[in-house]
Amino acid sequence: MDNQTIHICIAINGKKYSSDVLPNLTLLDFLRESIGFMGVKKGCDSGHCGACTVLLEGKAVNSCMLLAVQADGKRVITIEGLNEGEKLHPIQQAFIEENAIQCGFCTPGMIMSAKDLLDKNFNPTDLEIKEALSGNLCRCTGYTKIINAVKNAADKLSIQRKASEMEEK
Amino acid sequence: MEDFKVVGKSHHRFESIKKAIGHAKYTDDYVLPNMVYGMILRSPYAHARVKSIDKSQAEKVAGVLKILLPEDVPDKLFNCSGNPPSPLLIEDERILTDHPLYMGDRIAAVAAVTKEACREALDKLIVEYEELTAVFDVDDALREDAPLLHPEISSSNIVKKIEAKQGDIDNGFKESDYVFEDVYYAPMIQNVSMEPNSYICDYAFEGKLNIISTSQTPFQERRILARLLDMAENDVRIIKPVMGGGFGERQQLHNQHVGAILSKVVGRPVKIINTREEQMYASVVRHSAKIFLKIGVTKDGYIKAFKVESYYNTGAYTTHGPTVVAAGSRKINYRIPNYLFEGYCVYSNSPVSGAVRGYGNPQMTFAREVMLNTIAKKLNMDPIEFKMKNHVEIGDKLPAATASLLSCATEECLKGGEEIRRKIDEEESKNRTENDPNIKEAWGTAFCCHTSGPSSKEGMSSSVILINDDGTANLLIGSADIGQGSETILSQIAAEGLGIDLKDIAVTAADTKFTPYDTGTFASSQTYVGGNAVFLAVKDAIEKITKALARLYEVGAEKIIFDKGRFVISYIEGNKELTLKEAMSKITFGQKGTIITGSSSYKAVEAPPPFAVCWAKVSVDMITGSVHLKHIIEAVDVGKAINPKLVEGQVQGGISMGIGYAMMEQIEIDKKTKKVLSSDLLHYKVPLTLDMPDIHVYVADGYEPTGPFGAKSVGELSTVPVAAAIAIAISNATGEEIKRIPITHSYIVKGYNV
């Protein structure tokens, strides 16, 4: 096999990263090993567990099931791209408040799937939350507190939205 | 009850922020200078002889540094279990083998500069195998013509027979009015920790071995590796970073020995991470079990005799087998005057069994609770009433146990859970529109107990607490937080003891170079065994501070008492009070300066059982056989809950694992091709969000006098009764006793002959 590389440029967490990569490099390995976003977790490397979930153009995807070259020219958000320094994103805050984090290995993927949901649906029902997270495996929590955290985050985000609407007025 | 300041409060866990922002460092997130990768060639056959290995092509792959074959590693037998040494832990395993005994056995290994080169080298290793007869279940393994897996150890495939008894079983049956007998089956399941088994082994030139390891038992790991590699224990350092679960899976060695040897040979750190496929069949599974029960009762519903004959499939090597079987004999929450347990640990060529949350108990509890439910119905008694009539109380002993119970809040659990159940039924009957005669709904209830620390009472822990001059403290503990939150719990115990805030404790846990010995994270030990060690270290520190204050203030130590976070010095003219912070600032420096280091050694005297009651509500479609799991309620007596939200989280997680055990999880082996079919998370189902019913948790206000601030344990307990409760609910709905789990769709349909 020859080692012909392809030049790609991906905007990750708002910053552009250019690299020459092998065509068979997964987006997951690119994020973790080429760029160093270790918050993206490798739980199965086969699209079954959801630990590697990131947002690609705003949509939750398993980064182990995509090639890095498929993300060329696109925007990717990882767990590291949610908080602004010490200021946590409301979803991250909600996961902590609701004790929805145990071993934490599924957490980055869970939070990214929750973000995809809450970006589109401001007030999801329990079933909608369950459906949105149904590709994210958690072995520790039994999901109850995770679902509570997503509801809590929806409340936080709606308060935030109202506050910024008030400001605009 | 005492008024606590830190204990009993639901503090958020220390490391949650790091985990929420993706900064928590798990093993695979470490990259060491000069690091290379390692991979293992595993046997594709369940039983074979390796006739030859040609490594010439593999060695030519660019980037390959070393190919390790069986003849390159120490020819020593060992037992990989992370239990303390015991004659039950028979040594029958090799680091690499030319006689693989299960699909996944380690044959060879490679170190290379990239993972791709490792994979290519493994592909190019030419191994000639002679396939041999394989047996996969206990029935096949115990047939006369079955191949013997370890003839040097046993003349049959029985590794060990474990016996436990009390009273006279024959008399017990004579005294019984009715005797019931049946057989129950429980499957092999996998832990499915989210993080795969991961190791970075760094054998430095000066003869020191450092391993970053997903380890539940760092000190046992160190001991076994030191012996395998002829090293001193203080030359082996096991560092446990943030860990993505364990559930027993990492209570043993996996690839650390291979990684260490590769690192020594190539002179560079070697990272070995299991693939999910390796996790599924070359890590650990829960023992599948075949359990014969014979129970004798009187007409008025008292258990007189209880006989168990159980067969636990331990797979290709002994590892934990005999201790799992023994543990299964010790956890019966009923008064049984005449008890006989005969447990057989059986070799087979199926994946290696080991520790999986519950350690021998989920199998037994499933069989026992289902059968007691059936007996109650045959006696025309309410199953809950029947079980409570026989349930142990404070002052009783569990069957074959020596210690009397000092705590048992099962009655409160029952009351709390029944109240929740009543509300659910009330709510649902209000909202019910029409009755479909083909849908049958029912509840099922199961009881259980577990242990706090190994039920053999071999739990030990120690802790060191360094008190700083500003009144903060550094807590060093050897007990490994694997995701359950023990670092926070143990820090709460330390903060409560010292009368300071939780934020004033900094914890260092599980690094064999810096933290003192702990038996390990298993048997739900951390709060009880580890917590008692922390409690004693704090007590030691307080005594030392008291002595230092006595010297400084020139009073007798008996004039100083420590109460509610304050040192009170009694003078004739009145009392002087000092907070810990004030005391430390006075005693640390100056002419009479003292450094305060509290330490402890705790050896378990008891292993008090926590108790649980679990309810499941199902609705069964009698035409299609499909089961809809509607509610699970679990009420637990964990003694004093040090952190109620963390307890609740453990129970909710345990319930989901119990649902998997009851409804979907099973490592399947195709007997024709002799291959494990459950090789990924598509072919092995674990509960996802949509599989979960509504979960309700009740935490009783318990108190265990021997526990730290009254605590017992929760981790394993929570998963133990769930499968039984679900099986009983389905039985109650359909009238068909469920004697085998998992209760998959096809099983149910077959069961009803629909």
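This is a predicted model: local features need pLDDT of at least 70, side-chain atom pairs count only at pLDDT 80 or more; totals for chains, interfaces and linings use all residues.
Colleague: Let's start with chain A. How do you know that there are domains in it, and where do they lie?

Modeller: The domain assignment of chain A gives domain 1 as 6–81 and domain 2 as 90–163. Their C-alpha centres lie 21 Å apart.

Colleague: What makes up the contact between domain 1 and domain 2 of chain A?

Modeller: Domain 1 of chain A gives 15 residues and domain 2 of chain A gives 13 residues. On the domain 1 side, the elements giving two or more residues are strand S3 (53–56) and strand S4 (59–62) of chain A. The largest share of that side, 3 residues, comes from S3(A). By type, the residues on the domain 1 side are 8 nonpolar, 5 polar and 2 charged.

Colleague: And what does the contact between chain A and chain B consist of?

Modeller: There, 40 residues of chain A are in contact with 42 residues of chain B. The chain A elements that give two or more residues to this side are helix H2 (90–97), helix H3 (107–120), helix H4 (126–132) and helix H5 (144–168). The chain A side divides into 18 nonpolar, 15 polar and 7 charged residues.

Colleague: Let's move to chain B. Why is chain B called as compact as a globular protein of its length?

Modeller: Chain B has 18 helices and 27 strands. Its radius of gyration is 27 Å, and the globule rule gives 27 Å for 754 residues, so chain B is as compact as a globular protein of that length. Along the principal axes, the C-alpha atoms of chain B fill a box of roughly 85 × 75 × 55 Å. Buried residues make up 59% of its 754 residues. Among the contacts in chain B with a separation of 6 or more, 81% are between residues 24 or more positions apart.

Colleague: Which strands of chain B form the open sheet, and in what order?

Modeller: The order is S3-S4-S1-S11-S8-S9-S10, 7 strands of chain B with mixed pairing.

Colleague: Why are S3 and S10 of chain B said to stand at the edges?

Modeller: Strand S3 (64–68) and strand S10 (236–239) of chain B each have a single partner strand, so one side of each is left without a neighbour in the sheet. From one strand to the next, the twist averages 20 degrees.

Colleague: What makes S8 and S9 of chain B a pair?

Modeller: At least two bridges are needed for strands to pair, and 6 bridges join strand S8 (residues 198–204) to strand S9 (residues 208–213) of chain B, running antiparallel. In this pairing, Ile200(B) stands opposite Ile212(B) in S9(B).

Colleague: Which helices lie against these strands?

Modeller: Helix H6 (residues 218–228) of chain B packs on the sheet, touching S9 and S10 of chain B, and its direction makes about 150 degrees with that of S10(B). Helix H3 (residues 115–124) of chain B lies across strand S1 (36–42), S3 and strand S4 (106–112) of chain B, at about 25 degrees to S1(B).

Colleague: How do you know that S19 and S20 of chain B pair?

Modeller: Again the cut-off is at least two bridges. Strand S19 (residues 560–563) and strand S20 (residues 566–571) of chain B pair in the antiparallel sense over 4 bridges. Phe562(B) stands opposite Phe567(B) in S20(B). The hairpin of S19(B) and S20(B) has 2 residues between the strands, and Lys564(B) takes a positive phi near 50 degrees in that hairpin.

Colleague: What joins S20(B) to S21(B)?

Modeller: A hairpin through 2 residues joins them. S20(B) runs antiparallel to strand S21 (residues 574–579) of chain B, with 6 bridges. Tyr571(B) has Gly574(B) in S21(B) as its bridge partner.

Colleague: What makes their backbones worth a look?

Modeller: Most residues other than glycine have a negative phi. Ala400(B), however, has a positive phi of about 65 degrees, and phi of Glu554(B) is near 50 degrees. Ala400(B) is in the loop between helix H11 (383–390) and helix H12 (410–431) of chain B.

Conventions. Residues are numbered from 1 along each chain as its sequence is written. Chains are lettered from A and ligands numbered from 1 in the order in which they are written. Domain bounds come from an automatic or database domain assignment. Two residues are in contact if their C-beta atoms, placed from the backbone, lie within 7 Å. Ala, Val, Leu, Ile, Met, Phe, Trp, Tyr, Cys and Pro count as nonpolar, Asp, Glu, Lys and Arg as charged, and the others, Gly among them, as polar. The radius of gyration is taken over C-alpha atoms; the globule rule is 2.2 Å times the number of residues to the power 0.38. A residue is buried if 20 or more other C-beta atoms lie within 10 Å of its own, exposed if 12 or fewer, and partly exposed in between; C-beta atoms are placed from the backbone. Axes are lines fitted to C-alpha atoms, for helices over the stretch in contact, and angles run from 0 to 180 degrees between N-to-C directions.
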